[in-house]
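Hi,

Here is the structure I promised to pass on.

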Amino acid sequence: MAIENNLSWEQELEAAVREECLGALEDLEISDYERIELWQTNLGVVLGENKMSGFNEIFDLPEQSLIREDCQHFVAKLGNEDEDKLSVLSDLESILTFHCKSDKRRKYNQKNGWTDLLFPLIALKLPRSDTYGLFEAISNKFIPRNNDAYHLLRLIILYHDPELCNLLDTKKITTDLFAAPWFLSLFASSCSLQVVMAIWDVYFQQTDPFFLFFLALVIIVNARDEIFQVSTSKSKEELLEIIRLLPCNLRTEDVEDFCSLAYYYNTRTPDSYKTELRGTLFGDSCPENYEPNKVISQALCLPVSPMELITKSALPNVPASTQQVRFFLIDCRPVQQYNAGHLPTAFHLDSNLMLQEPITFATAVQGLLSAQQQAIAAGNNAGGEHLCFLGCGQLEDDQYTHMVVASFLQKHTPFVCMVNGGYKAIHEYLDLSVDISLQDHSSDKCLVCCDKINSMNSPKKETKVKSEPGSSGPSSSNSSSDLFGKIGAAMKQASSEMKGKLLDYIVNPTGESKSENSEKSFSGPNKHGKPYRNLAPVFSIDDEDDPTDGGSIDLEQTQDYVSLTEWKRKPDVIAYYRCRSLKPNESQKKYVDMYGCYLFITKTHIYALREIESNPEMAHIVVKRPLASISRILNRVKHPNIITLKYCSIESESSDETDMDRFFIPDYKEATQVLSKQILKCVQRQKAKTSKNQLEED
């Protein structure tokens, strides 16, 4: 209930802020006096306070001649009277000179946008000190101060329009080439004075300086059709100039829609990057030794913090039409790591399959996307429009995960992000609440837990646990556990509610009823027996206790341990195929992915050998069937690599089917051809033997 109340309060606050910010646009022709009052309030500037009291009126900077020249060009554009021009020229040069002298790390150059930024302020005709006060506040609070801004803008474009971002990358048009003048002047270098002032009226009311990035996003996304149209006929330089001049087309009457769209994109973007970058992108101090933020500059896609993922996954069910970011979490770790602990809302997609078993991987992806759409329609917290990928958290171990993410981006899939730090970061964030918040967590198998145990066992100096600022010792830990307990409960409740349905969504995304015609048989017209209604997913969604059915693949069977290498060399083995065994769960009418195995075909039998995880060279026999007992070989039209083998008793004259096995076989075409051929030979041998016996009896 507390979570619901918090959500309602946050939504009301966002709506109020948006209404207040955009309310300034209802009457765009506000007076200069009203605008001055609005800006100085929002920027925290006290008018009348002499910010330039320390200026000694000495103009001796190394770049002083460049400053004076640019100021003269600037004043020439104003078209004022000569007397006014001299006054403006003096104020402008003084402001720029003092701005550089007040912080020796500031260096003037023609590309830093200072003169453009001062243009709307000079137009207000304020005293020099007040003009500088506004200029300094705008520079510190709203102007990005390093190249991380342009890396971030690219990631935001990639998040919402990967096809457009791919075009820019192909043309080698980096975002700084067109967005630098937009950002450094807050569009004053490109837009008319009235448009700039209308945009600033809204922007300065925002407590979020990152709103600037979404203004830039709207400009370029809205022009995507034009960009694609001219991209084939224009050179890089011509296309770049077209993009750079896009803000020039804005009119005063467009500003309200322009800002509304920016707000819309802002609410549909994960925002944990703001915490990561706010201190380095915005502020009144410039670091002497700036180094690019690797989380942003080297990111494959937009990063999401563990905190944002977990808290937003714990929110209650919301309608599919909501604008709030909802994640569809895809855990790309190996299956052993996933089974040792995962978030309840995570769906497993083993990234290793992409290269090892591409057919299996493609089927799994198709199932995931189908499940995602159904989950979105259901409004469940286990599903969302935003694909969030989770790796191990170690660069060398996440190479396959990065390949999976890249494959989605290459297909121009929007709303793709990754958890920054992977599972390790989530584990560390949950801390003492790991067992409460994670599902199937096993401390003796979880790699993060094992690493912690190993580090604790290693010799080290005794240290005291340092409390976070504002914490109150042990009680703080208890309150944290209570919070994660509530989050975990909210996640697990909705997760268990949806995951049973999601298996059906993956199997039958359209909701159409199944019929016998949806299966095709390799054994001719014999269609006795009931067709199976559901397909098996080729990846694990939930570890459920499946009731034992009549199938032959049962872990309780007698297990004969054999060497896989020796079996592959047996002279009577016709062929063998890597596959996965699928076990039916009749109570829920679905199939659960069980384990990897090898399917061996001999002249007389078919065997399934399950691999032993601790020793990949060894296996045990879980299926042994005479070929003569196979009555039908079935597969689905939509998923032909899922093969069902149905059996009848060879000792009985009845043709009733008594048992079945189901496998996912990547190389299903060859496997079914070889198997059908051997069954035919077996039947022919049996007929020949029967005929021979009859002749001998006669």
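A quick definition before the notes: I call a residue buried when its relative accessible area is under 20%, exposed when it is over 50%, and partly exposed in between (1.4 Å probe, protein chains only). By that rule Trp39 is buried, at 0% relative accessibility.

Some housekeeping: this is a predicted model, in which local features need pLDDT of at least 70 and side-chain atom pairs count only at pLDDT 80 or more, while totals for chains, interfaces and linings use all residues. Residues are numbered from 1 along each chain as its sequence is written, and side-chain values use heavy atoms, with hydrogens and water left out.

**Aromatic rings**

Rings of Phe, Tyr and Trp (its six-membered ring) pair if their centres lie within 6.5 Å; planes under 30 degrees apart are stacked, over 60 edge-to-face, and the rest tilted. That gives 30 aromatic pairs. One of them is Trp39 with Phe204, edge-to-face at 5.4 Å centre to centre and 85° between the planes. Trp39 belongs to helix H2 (residues 32-43) and Phe204 to the loop between helix H10 (193-203) and helix H11 (211-222), so this pair ties together parts 165 residues apart in sequence. (Helices, H or I of at least four residues, and strands, E of at least two, are DSSP runs numbered from the N terminus.) Phe204 is buried too, with a relative accessible area of 2%.

Tyr150 and Phe183 make another pair, this one stacked because the ring centres are 5.7 Å apart and the planes are at 15°. Tyr150 is in helix H7 (residues 148-160) and Phe183 in helix H9 (residues 175-185), so the link spans 33 residues. Both are buried: Tyr150 at 10% relative accessibility, Phe183 at 0%.

Back at Trp39, ring pairs join it with Phe142, Trp200, Tyr203, Phe204 and Phe211 in a cluster.

Two rings also have a charge over them, meaning that NZ of Lys or CZ of Arg is within 6 Å of the ring centre and within 35 degrees of the ring normal. The charged end of Arg333 sits over Tyr423, 3.8 Å from the ring centre, and Lys570 lies over the face of Trp567 at 4.0 Å.

**Positive phi**

Phe187 is not a glycine, yet its phi is positive, near 70°. Phe187 sits in the loop between H9 and H10 and is buried, at 1%. Asp440 also has a positive phi, about 60°. You'll find Asp440 in the loop between helix H23 (434-437) and helix H24 (447-457), partly exposed at 34%.

**Sheets**

Two strands pair if DSSP finds at least two bridges between them. Five strands form an open parallel sheet in the order E1-E5-E4-E2-E3. Strand E1 (302-304) and strand E3 (347-348) are at the edges with a single partner strand each, so one side of each has no neighbour in the sheet. Strand E2 (residues 327-331) runs parallel to E3, joined by two bridges, and Asp331 has His348 in E3 as its bridge partner.

Elsewhere, strand E13 (residues 642-648) and E14 are antiparallel over seven bridges, with Thr644 bridged to Arg662 in E14. Strand E14 (residues 657-664) is mostly covered, with six of its eight residues buried.

Cheers
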